[in-house]
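Student: I am new to this structure. Can you take me through it feature by feature?
Tutor: Gladly. Here it is.

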Amino acid sequence: MQVSVPGNLLLLGEYAVLEPGGLGLAAAVEPRVTVEAEPDSTLSLTGTWSGGRDLFWSEERPQSSPLAVEAVAACRAHLRSLGKRVAGARIHVDSRPLYLEGRKGGLGSSAAIAVGLVWILLTLSGEAPQPRTASRLALEAHRRAQGGRGSGYDVLASSFGGVGLFTGGPRPDWQPLRLDWLNPLFLVHGPQSVATAQAIECYRQWRAREPKEAEAFLSGSNRCVLGFLRSRNRREAAAWLERSRELGLRLGERIGVRAALEAPGPAARCVCKALGAGNELGLVFPVSDLDPPDAGLRPLHIAAEGPRCSA
């Protein structure tokens, strides 16, 4: 049995999605994490994880993967409520497509893995995964593995596929969207990887020091997201994306996490905005779909569907 799960990106709403009511535009993206399984008498997991490190996890050696521990625990509790149990299996995870030249590619590999593990564990145990239930279990596992942190946009994007409006909170919400003018999109990689957990901690410390300024940031970020979604064409959307970029630059200066990226080619032709918690990855949004940016950029392919399961 095999499950493939798309990566994910937050296009607008960085840091704001950590707050209750904070809005974000998120997308499921290609390529995909692959999770394969064969029935076995015990439960074990191997794979290529975290940019090339080999992984072996079993219930006798759980310390190697908190994410696997929490995914199994979440599925086990859910299945127990249905009078079922997690079946034994040899599971293999391949997350290499979501990494770039040995470094994390900023495409949400850990969230995609959490979704894939939940889907494969439920399916092997005779429970057909329902997107809402599976996403809830994956979100629970992912947050616990991260020490209770994480907005959940990444888990929901990989779970449902396509593009959606994310609303942050203890029980985050996902509304699927159709934006006919959204493509084409491109990615540009920044100078180095950014430690997301450290960046979030910097944001939280700033928020505690400057609550009024943080409230203004959240309000401004939500306006940018809604303005972008209500745009009728790429030119209107580019203006809102530029506002979001400027807001991110100011926040980056305040919290000490750089969010600046150089735009490829003339600035009038595209908006280049940092994604995620820093400047490790950027979105390049051409103002006109007839005037793409310079060659050499990585095209961004939105995944129309979430997990795909095959026997």
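Student: In which helix is serine 221 found?
Tutor: Serine 221 is found in helix H6, residues 211–229. Helices (H or I, at least four residues) and strands (E, at least two) are DSSP runs, numbered from the N terminus. This is a predicted model, in which local features need pLDDT of at least 70, side-chain atom pairs count only at pLDDT 80 or more, and totals for chains, interfaces and linings use all residues. Residues are numbered from 1 along each chain as its sequence is written, and side-chain values use heavy atoms, with hydrogens and water left out.

Student: Is serine 221 buried or exposed?
Tutor: Buried means under 20% relative accessible area, exposed over 50%, and partly exposed in between, with a 1.4 Å probe and protein chains only. Serine 221 has a relative accessible area of 6%, so it is buried.

Student: Which residues does serine 221 touch?
Tutor: Contact means heavy atoms within 4.5 Å. Leaving aside residues up to four places away in sequence, serine 221 touches Gly13, Ala16 and Leu247.

Student: How do I read two packed helices?
Tutor: Two packed helices are described by the angle between their axes and the distance between the axes. Axes are lines fitted to C-alpha atoms, for helices over the stretch in contact; angles run from 0 to 180 degrees between N-to-C directions. Take helix H2 (residues 109–124) and helix H4 (residues 153–160): their axes come within 8 Å and cross at roughly 50°. That makes H2 oblique to H4. Angles under 35 degrees count as roughly parallel, over 145 as roughly antiparallel, 65 to 115 as roughly perpendicular and the rest as oblique.

Student: What is the handedness of the crossing of H2 and H4?
Tutor: A crossing is left-handed if the near helix is turned anticlockwise from the far one by less than a right angle, and right-handed if clockwise. H2 passes H4 in a right-handed crossing.

Student: Which residues of H2 and H4 meet?
Tutor: From H2 come Ala111, Ala112 and Val115; they meet Asp154, Val155, Ser158 and Ser159 in H4. By class, this contact of H2 with H4 has four nonpolar, two polar and one charged residues. Ala, Val, Leu, Ile, Met, Phe, Trp, Tyr, Cys and Pro count as nonpolar, Asp, Glu, Lys and Arg as charged, and the others, Gly among them, as polar.

Student: At what angle do H3 and H4 cross?
Tutor: The axes of H3 and H4 cross at roughly 150° and come within 9 Å. That makes H3 roughly antiparallel to H4. The crossing of H3 past H4 is right-handed. Among the residues in contact are Pro131 and His142 of H3 and Phe160 of H4. The contact of H3 with H4 divides into six nonpolar, three polar and two charged residues.

Student: How many residues of H4 are buried?
Tutor: Seven of the eight, so H4 is largely enclosed by the rest of the structure. The buried residues include Tyr153, Leu156 and Ala157. Among the elements that the buried residues of H4 pack against are strand E1 (2–12), strand E2 (23–39) and helix H3 (131–145). Just after H4, glycine 161 takes a positive phi of about 75°.

Student: How do H1 and H2 pack?
Tutor: Helix H1 (residues 66–81) packs with H2 at an angle of about 35°, their axes 10 Å apart. H1 passes H2 in a right-handed crossing. The contact of H1 with H2 has twelve nonpolar, two polar and no charged residues.

Student: What is the order of the strands in the open sheet?
Tutor: Two strands pair if DSSP finds at least two bridges between them. The open sheet of four strands has the order E11-E12-E10-E13, with antiparallel pairing. Strand E11 (270–275) and strand E13 (298–299) stand at the edges, each with a single partner strand, so one side of each is left without a neighbour in the sheet. Helix H7 (residues 234–255) packs on the sheet, touching E11 and strand E12 (281–286), and its direction makes about 40° with that of E11.
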